[in-house]
Structure formats: C-alpha cells, structure tokens
Amino acid sequence: NYSHTRIIVDVTVVENGNKESSFNRIGSAGGYESFENINLEKLVKDTIDEAIDLLHASNFEGGEYPVIISKGFGAVIFHEACGHGLEATSVAPKTSCFTGLLGQKIASEKVTLIDDGTMKNIWGSINVDDEGNLPKKNILIDKGVLKSYLVDYSNIEKMDNHPLTGSGRREDYTYEPTSRMTNTYLEAGTDTIEDMIKSIDYGIYCYSLGGGLVDPASGNFNFNVSYAKLIENGKITKTLKGLCLIGNSKDILNQVEMVSNDLELSDGYCGSLSGSVPVTIGQPTIKISKIQ
C-alpha cells in the first residue's frame, strides 16, 4: 500500500467580465508531515498573483523563437514528448521514434534523463513494481546518448532481452502491468537563469505548461502554455497568453542549449494502457534554442 498526500491551489479571478485561472500543487508519497517545511501562504499568494497578472496579458504572434522553460512541471514536455517514446509499450511494437536507437546520440550533451523509482517519499516512487521487481535508477539518456528503455516482462522478448527496469506498473488488479515511468527528471546542469535570459534578444519564458498531445511514432507534439512572459533584449517584459509550443521530440532534445542547477520535481498522474498511476516529472530551468 502507498500513501499519497496532495495540496492543490486552484484560483479564478474576474475583472470586468474577463476571467483567468491559475493552478499549483504539491504532492508527496507520505502524510501531512511532508509539508512541514513548505510555505503554503507563499504558494497561495503566488498562484493568486499569477492569475491576476493574466488578466492583463497580451496575445502573442506565432513563430519560431528561443524559449526558456521553467523548473518543475515544465518537464511535462519531456514526460510526453520523450518518456512515453522510451516505454516498451511503444518501443517493442516499433511505434516509437526512438526504436532501435540504443547507444546512439539522440539529444544535446546537456541532456541526461533519469527515471528513478527508488527515491524516498517522492510521489512516483514504488517499493516494488507490479511484476514483483525492485525499482531501479534507470539512466535513460546520458549526456545525449540513449542508454536504456523502460521494460516490463511482457515486452522483454520483443526487445532482444533488454534488462528489466522495475517499470511494470498498473492502476489496480483490473489491468495487466506494462512499462511505465515513475520519477522521471532531467539532471541539473551548471548554467544560470540570468545568462539564459541575457542570451535571448527576442523570445519567451514559459513559467508553466498545461496539457499536451504527442504522437510517439513521429515524435510530433503540442503543449499549451499556462503562463509566460516575453523576453526582449535580454530582459523580461510583458505577460503573454494564448501560447502553444509545437515541435518534434527528436528536435527538441537536440535543441536543449542551457540547463540550470535548480532541479525541481512535480507530481501528477499518467494514464496509459495499464490505467492511471502516480508519476513525478522534474527538471531544472532550461533554454531551448528554438521552438515554434
């Protein structure tokens, strides 16, 4: 049995008929003691401030620009555009754009992507997977090189006996286990956010992302941007709304140009063939050289 505790802040503000919303959450694989050192008042205030700021946001003309994606839930782009494509459910039937690429360079050297189900009291951690295997710290991409897929028993023979990764998961007994992510995160780097901002003449700082879609076969994806600001001449200026990030999994992996040291994890649920399971996503703040 697992204990999961979550605090959700969902704010809606209205001004002269204009309505905007903002959303934040914190989750832990533990009880309320997990939040003893969390400043909940700040979390609520920040969520309210963001919603109010969106009331006066400007629309933005589409195009291809450098983009900074903030720490934490910004990693949903790696979860969807990359993580699912590394699961055996997509790799074994050869419906993933990453099939057959083990040992090959598929990303910038700035990218080290890890899936680790052993992390203590983290939302997506497990004591044992649903096939009876111990979880592992799986290095999926190491400095740009594809090192491992996420593999379960049912797919191992279709994948040249790739080692099991402790990734067989399911929502409950009504589902058959299959390969799923646990705590998936981009390893911290050494770049600074200040240098990222200064390096951009005209681009976007994405503070939070919403939902998105990805086609594992082609790697094409799109994600809604919940909160963003414009960068002009190396400085953050006005708040933007109505943004969507469009790109390709392989392209964005190679366009990770800078990675900061402020790694943050964020909790969520992931739905797939074996139901809905708790997963963690995480990343430091990163700079993508260009994205639509």
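Trainee: Hi! What should I know before I start?

Mentor: Residues are numbered from 1 along each chain as its sequence is written, and side-chain values use heavy atoms, with hydrogens and water left out. The model is predicted, so local features need pLDDT of at least 70 and side-chain atom pairs count only at pLDDT 80 or more, while totals for chains, interfaces and linings use all residues.

Trainee: Okay, pockets then. What volume does the largest pocket have?

Mentor: About 1200 Å³. A pocket is an open set of points on a 1 Å grid over the protein atoms alone, where a 1.4 Å probe fits and protein lies on both sides within 12 Å along at least five of seven lines. The volume is the space filled by probe spheres set on the points, which are joined across faces, edges and corners.

Trainee: And how many residues line the largest pocket?

Mentor: There are 40, and N24, R25, L43, K71 and E264 lie nearest its centre. A lining residue has an atom within 4 Å of a point.

Trainee: Which element gives the largest share of that lining?

Mentor: That's β2, with eight residues. Strands are DSSP runs of E with at least two residues, helices are runs of H or I with at least four, and both are numbered from the N terminus.

Trainee: How does the lining split by class?

Mentor: It has 14 nonpolar, 17 polar and nine charged residues. Here Ala, Val, Leu, Ile, Met, Phe, Trp, Tyr, Cys and Pro count as nonpolar, Asp, Glu, Lys and Arg as charged, and the others, Gly among them, as polar.

Trainee: New topic! Which residues have the most contacts inside the largest nonpolar core?

Mentor: I77, I141, I204, L245 and L253, in a core of 51 residues. A nonpolar core is a set of buried Ala, Val, Leu, Ile, Met, Phe, Trp, Tyr and Cys residues joined through side-chain atoms within 4.5 Å. Buried means under 20% relative accessible area, exposed over 50%, and partly exposed in between, using a 1.4 Å probe and protein chains only. There is also a second, separate core of eight residues, including V13, F35, L43 and A51.

Trainee: What about helix α2, is it enclosed or open?

Mentor: Largely enclosed by the rest of the structure, because seven of its eight residues are buried. Among them are I77, F78 and C82.

Trainee: How many aromatic pairs are there?

Mentor: Seven. Rings of Phe, Tyr and Trp (its six-membered ring) pair if their centres lie within 6.5 Å; planes under 30 degrees apart count as stacked, over 60 as edge-to-face and the rest as tilted. W123 and Y269 have ring centres 5.5 Å apart and planes at 85°, so they are edge-to-face. The pair ties together parts 146 residues apart in sequence, since W123 is in the loop between β5 and β6 and Y269 is in strand β16.

Trainee: Is W123 buried or exposed?

Mentor: W123 is buried, at 3% relative accessible area, whereas Y269 is partly exposed at 48%.

Trainee: Last one: where does Q255 sit?

Mentor: In the loop between α5 and β15. Q255 is buried at 18%, and it touches K287, I288, S289 and K290, not counting residues up to four places away in sequence. Touching here is a contact, with heavy atoms within 4.5 Å. P66, in strand β4, is also in contact with K287, I288, S289 and K290, among others.
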